[in-house]
Amino acid sequence: MKNVILILSVLAIGFTSNAQTTGIKTLKKVMELKITREGGANGASVAWHPIQKKYYAAMAGNASFQMGVFDAAGKALHKPDQEIFFDVRGLWYNPKTKTLQANGYNDFGWTEYKLDSKGMPVSVKALYDEVMYQPDEQSVGTYDPKNDVVYFFKTEDGNLAKHKMSEGYYDDDVILHLGYKNQAAMDDEFTEDNASSKSNYNPSVFYTGFKGSEIGLLNSVESKIEMYNIATGFKTKELRLPDDAPVKDFLNFSFANGIFWLFDKEARIWKGYK
């Protein structure tokens, strides 16, 4: 019996040591945002408005779908007929203009929301339209207020397309080394950069604002969130998701107010992890 206890103790120490050396944090669910009306199979994006102190959760697919509006604790504030007014893909708060902005499907362009006195969306104003200011029709934009640019994940090569907020037009690529922590690790693989791994990632990308880990991507194959240094393009952190997290390989992933959001399509709930 003593031998069994000793073996179990050694194993427990080994598991603890391994967890400490890997340094990979497992995220926990901290809140939920419930979409209360039918319409739309996919969640587009979630944005946090720091002045309104509200979350805005957009469905993808049609301008008549619901825009969920929630307080800081996740309580629904919107009426059942609250519409989104725009076929949203990426949704973000712009601190320079103090407004919610979005990019749309295909060549719908970019838009800006007008809110009423209660913080409910009442209309949209076109920022850039009639041109596809993004890499492809389903691109999800994310705003970097520090550099005043919008990033999009490029499914053809796994890098980021950078668009100037002031003009909308493509400016340059941000090179990502998907899955790699440094150049030595990449060289050891003897493989073309991003060639074999780009399909592992949900194309929704998000600017986190975390120094040295500015870009967040969902590795939908391995159910983890990877953080990348925007200056070097190398991975700096990994965040594990719980086994029951609703991980999807397309849309249904977002980041807002320091929380990663995954949309449960069956329950129609944005689940927040931190």
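Biologist: Why is R268 called buried?

Modeller: Its relative accessible area is 8%. Buried means under 20%, exposed over 50% and partly exposed in between (1.4 Å probe, protein chains only), so R268 counts as buried. The model is predicted, so local features need pLDDT of at least 70 and side-chain atom pairs 80 or more, while totals for chains, interfaces and linings use all residues. Numbering starts from 1 along each chain as its sequence is written, and side-chain values use heavy atoms, without hydrogens and water.

Biologist: What makes the backbone of R268 worth a note?

Modeller: R268 is not a glycine, yet its phi is positive, near 60°. Most residues other than glycine have a negative phi. R268 lies in the loop between β19 (259–264) and β20 (269–273); strands are DSSP runs of E, at least two residues long, numbered from the N terminus.

Biologist: Where is L251, and what is its phi?

Modeller: L251 sits in the loop between β17 (235–240) and β18 (253–256). Its phi is about 50°, again positive in a residue that is not a glycine. L251 has 3% relative accessibility, so it counts as buried.

Biologist: How do you know that Y105 and F108 are an aromatic pair, and what makes it edge-to-face?

Modeller: Rings of Phe, Tyr and Trp (its six-membered ring) pair if their centres lie within 6.5 Å; planes under 30 degrees apart are stacked, over 60 edge-to-face, and the rest tilted. The count comes to 17 aromatic pairs. Y105 and F108 have centres 5.9 Å apart and planes at 80°, so they pass both tests and the pair is edge-to-face. Y105, at 24%, is partly exposed, and F108, at 38%, is partly exposed too.

Biologist: Which residues do ring pairs link into a cluster?

Modeller: The cluster holds W92, W110, Y128, Y133, Y143, F152 and Y169.

Biologist: Why are β7 and β8 said to pair?

Modeller: Two strands pair if DSSP finds at least two bridges between them. Strands β7 (residues 99–104) and β8 (residues 110–115) have three, in the antiparallel sense, so they pair. N103 stands opposite W110 in β8.

Biologist: What makes β6 and β9 edge strands?

Modeller: The open sheet has four strands in the order β6-β7-β8-β9, with antiparallel pairing. β6 (88–94) and β9 (121–128) each pair on one side only.

Biologist: What makes a space a pocket, and what is the volume of the largest?

Modeller: On a 1 Å grid over the protein atoms alone, a pocket is an open set of points where a 1.4 Å probe fits, with protein on both sides within 12 Å along at least five of seven lines; lining residues have an atom within 4 Å of a point. The largest pocket holds about 370 Å³. It is lined by 18 residues, and Y93, Y143, Y207, F255 and N257 are the closest to its centre.

How values were computed:
Grid points are joined across faces, edges and corners, and a volume is the space filled by probe spheres set on the points.
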